[in-house]
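Please keep the sequence and the structure in view while reading.

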Amino acid sequence: MAEQAPPLFDTHAHIIAPDRDAYPPAESERSAAVEPFSVGDLLAGMDRLGVAKACVVQRWFHYRDDNSYVLDSCAAHPHRLAPVIMLYGQDLASVERLRSYADRQPLGGIRFTRPELDVDDTAWMNSPATMRLWEVAAELRLPVAFIMYDPHIEYNLPAMRAIAQRFPDLPIIVDHLGARGGRPSTAGSHPHDFAVTPALRDMISCPNVSFKFTGINLGRLEADEVDPAAFLRSFADEFGVDRLVVGSDIGQTKGPYERIVDGLRKALRLFDRTEQEAIAFGNASRIYTGWS
């Protein structure tokens, strides 16, 4: 009999409410055609596929900072789902909103992103107002994830590294391994040179920083004919098995959920059982100890 796959902790699931009246998209996103993926859809998929727990991550480019659907859905399933909320770092009201959410229910964490993609600065992560939000996250022991975009990575990652050094006890997670794509630059380079930049390697020196491998990475690797398993094995050899977690990105990455989860499991095939258990579940469980 084949050995049963280890349980999975999906650290990156998005949900989109079918009922747009109860949970309306942000005004700036109302014209976009976004396919619903409800909390019920997520839980049914988790049950089928051996996904024990999930972080439900606010879908910024649909709801912006209205976290209602994520919070309500996780409150109804507190033992399986944890909300990862998103707030405007430069909004002075965000600090009290974060405290209010934390008083209301257990949180999985908070996530930062650049609100507008055409702004070339780092204020979204390190303005005085945003730094106050970082301080409250550290006070509340909330893991912080962040996502950045290709044109900004090389100057955003050094700024994030400085923040990680300022909060050495705060778990910080680099979403999608910090990059979206790009072939290895030279023949014979390691598989993980795909989408790995010098600035990302500099984050290795921050032991509180972990790296999230997701459905986005799977898609980019497969499109450029790079074996996800070879990539992840090589990445882990340099960055550390104990610093890797996985997430589906369902609700953003095109499903079905089974396809993505199967891809994540196959990407672990070059790891031994102990390593698989760590990447699939154990590392995330340790990072999200405040909830799980």
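The points below treat the chain as a whole and then turn to one residue.

The structure is a predicted model. Its chain has twelve helices and eight strands. With a radius of gyration of 18 Å, close to the 19 Å that the globule rule gives for 292 residues, the chain is as compact as a globular protein of that length.

**Overall dimensions and packing**
- Taken along the principal axes, the box filled by the C-alpha atoms is roughly 50 × 40 × 35 Å.
- Of the 292 residues in the chain, 56% are buried.
- Among contacts with a separation of 6 or more, 79% are between residues 24 or more positions apart.

- N67 is located in the loop that runs between α2 (60-63) and α3 (68-75).
- The relative accessible area of N67 is 0%, so this residue counts as buried, the cut-off being under 20%.
- The side chain of N67 comes to 3.0 Å from the backbone oxygen of D65.
- Leaving aside residues up to four places away in sequence, N67 touches Q58, I85, M86, L87, R97 and Y101.

Conventions:
Residues are numbered from 1 along each chain as its sequence is written. This is a predicted model: local features need pLDDT of at least 70, side-chain atom pairs count only at pLDDT 80 or more; totals for chains, interfaces and linings use all residues. Side-chain values use heavy atoms; hydrogens and water are left out. Helices (H or I, at least four residues) and strands (E, at least two) are DSSP runs, numbered from the N terminus. The radius of gyration is taken over C-alpha atoms; the globule rule is 2.2 Å times the number of residues to the power 0.38. Buried means under 20% relative accessible area, exposed over 50%, partly exposed in between (1.4 Å probe, protein chains only). Contact means heavy atoms within 4.5 Å. A polar contact is a pair of N or O atoms within 3.5 Å; within protein, one must be able to donate a hydrogen and the other to accept it, and residues adjacent in sequence count only if both atoms are side-chain atoms.
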